[in-house]
Structures are given as structure tokens and as C-alpha cells.
Amino acid sequence: MPRPAPAKRADFRSLCSLPTRWMDNDQYGHMNNVVHYSLFDTAVSNWQMAQGVFDVKGETTKLMVVESGCRYFDEAGYPDLIHVGLRLGHLGNSSWRYDLALFRNDTDTAFAEGFFAQVQVDAKTGRPTPVSQAIRAEFEHLR
């Protein structure tokens, strides 16, 4: 099966820088795969908080992760500085998908790419709720 080429930094509308930690390395000296998902989650959460996209206390709505994935192209590890690229992959009625890429230090090519799908639900009922026009406007900045 042909493998797609890794993304470039310029493919992403938002970039967030996150340092690696000594504990991120596995016994082989590179970043453990669970850390890739943690970086995705942190970048998405940071962007959402900065844009006012979610109710941090979860009193009215909650954002639930319903699917995620990662494709690996190269290694990274401590003490690399990771830059997480973020863009909107899809926006539906009550759900959306972020496309993400991880870039090591000054490298322009992603060493890993992933996606992170969420659905907005009512905090009391747990049922999906439509994304407001204000939040849709914030998502448009990521297209």
C-alpha cells in the first residue's frame, strides 16, 4: 500500500510549541508512542481554551473524543522541542475532526501525523448538541 508523504509546516493554520521531557523517551531512546497522543491532546486543548471553544468546567457542554489516530514517519525524543500543527479536517453539525502534525525542532517535515475527532454534548443529558455559530467562526480560522 503506498504511503502518503509527511505534511509540511506550511500545511497548518496553527502551530503550538511543546517541550519534550526526559520521561517521554522509551527504552530505545525515542519518544514513546503514547506521548504523540498527549501532544495532540495538549495542543487541541490549548487552542480550544485560547479561542473560548469549550466550557472548561463542563457545566453546559462537554467535548468528547470519539476517535483518534497517528501515523509515524520518523523518531523524536528528549530534548527535542515539538511544534504541533493544527488544522480543521471536517466540521459537521455537532462534531469535528482536527488534523495534526508533529514537527521536531526546526524540521519542516512532520515526523508524525494524526487526527482527533470530537463531538460536543450537553453536560446534563450527554446527547450531541449543535456547534454554535460563534464556535464555527473560530473553527473557520483553522481551514
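**Rings and fold**

A: One cluster to begin with: ring pairs connect Trp 47, Trp 96, Tyr 98 and Phe 139. Bear in mind that this is a predicted model.

Q: How many aromatic pairs are there in the whole structure?
A: The search finds seven aromatic pairs. One of them is Phe 12 with Phe 103, an edge-to-face pair with 6.0 Å centre to centre and 70° between the planes.

Q: Where do Phe 12 and Phe 103 sit in the chain?
A: Phe 12 is in the segment before strand S1 (14–19), and Phe 103 is in strand S4 (residues 95–104). They are 91 residues apart, so the pair links distant parts of the chain.

Q: Buried or exposed, those two?
A: Phe 12 and Phe 103 are both buried.

Q: And Trp 47 with Phe 139, why does that pair count as stacked?
A: The planes are at 20°, and under 30 degrees counts as stacked. The ring centres lie 5.8 Å apart.

Q: Which helices hold Trp 47 and Phe 139?
A: Trp 47 lies in helix H1 (residues 33–51) and Phe 139 in helix H2 (residues 133–140). The pair therefore ties together parts that are 92 residues apart in sequence.

Q: What is the relative accessible area of Trp 47? And of Phe 139?
A: Trp 47 has 9%, which makes it buried. Phe 139 has 0% and is buried too.

Q: Back to Phe 12. Which charged end sits over its ring?
A: That of Arg 87, 4.3 Å from the ring centre.

Q: OK, fold. What does the secondary structure come to?
A: Two helices and five strands. Along the sequence the pattern reads β-α-β-β-β-β-α.

Q: In what order do the strands form the sheet?
A: The order is S1-S3-S4-S5-S2, in an open sheet with antiparallel pairing. S1 and strand S2 (61–72) are the edge strands, each pairing on one side only. From one strand to the next the twist averages 25°.

Q: How many bridges join S1 to S3?
A: Six, and S1 runs antiparallel to strand S3 (residues 81–91). Within that pairing, Ser 17 stands opposite His 83 in S3.

Q: Which residues of S1 are on the covered face, and which on the uncovered one?
A: Ser 14, Cys 16 and Leu 18 make up the covered face. Leu 15, Ser 17 and Pro 19 make up the uncovered face.

Q: What about S4 and S5, how many bridges there?
A: Eight bridges, with S4 and strand S5 (residues 112–122) paired in the antiparallel sense. Asp 99 has Phe 115 in S5 as its bridge partner.

Q: Which strands does H1 touch? And H2?
A: H1 packs on the sheet and touches S1, S2, S3, S4 and S5, with its direction at about 140° to that of S2. H2 also packs on the sheet, touching S3, S4 and S5, and its direction makes about 125° with that of S3.

Q: Switching to overall numbers: what does the C-alpha trace span?
A: About 45 × 30 × 30 Å along the principal axes.

Q: How much of the chain counts as buried?
A: 42% of the 143 residues.

Q: And contacts, what share joins residues at least 24 apart?
A: 70%, among contacts between residues at least 6 apart in sequence.

Notes
Residues numbered from 1 in each chain as written. Predicted model: local features only at pLDDT ≥ 70, side-chain atom pairs only at ≥ 80, totals over all residues. Heavy atoms only, no water. Phe/Tyr/Trp six-rings, centres within 6.5 Å; stacked < 30°, edge-to-face > 60°. Helix = DSSP H or I, 4+ residues; strand = E, 2+ residues; numbered from the N terminus. Buried < 20%, exposed > 50% of the residue type's maximum accessible area, 1.4 Å probe, protein only. Lys NZ or Arg CZ within 6 Å of the ring centre and 35° of its normal. Pairing = 2+ DSSP bridges. Axes fitted to C-alpha atoms, helices over the stretch in contact; angles between N-to-C directions. Contact = heavy atoms within 4.5 Å.
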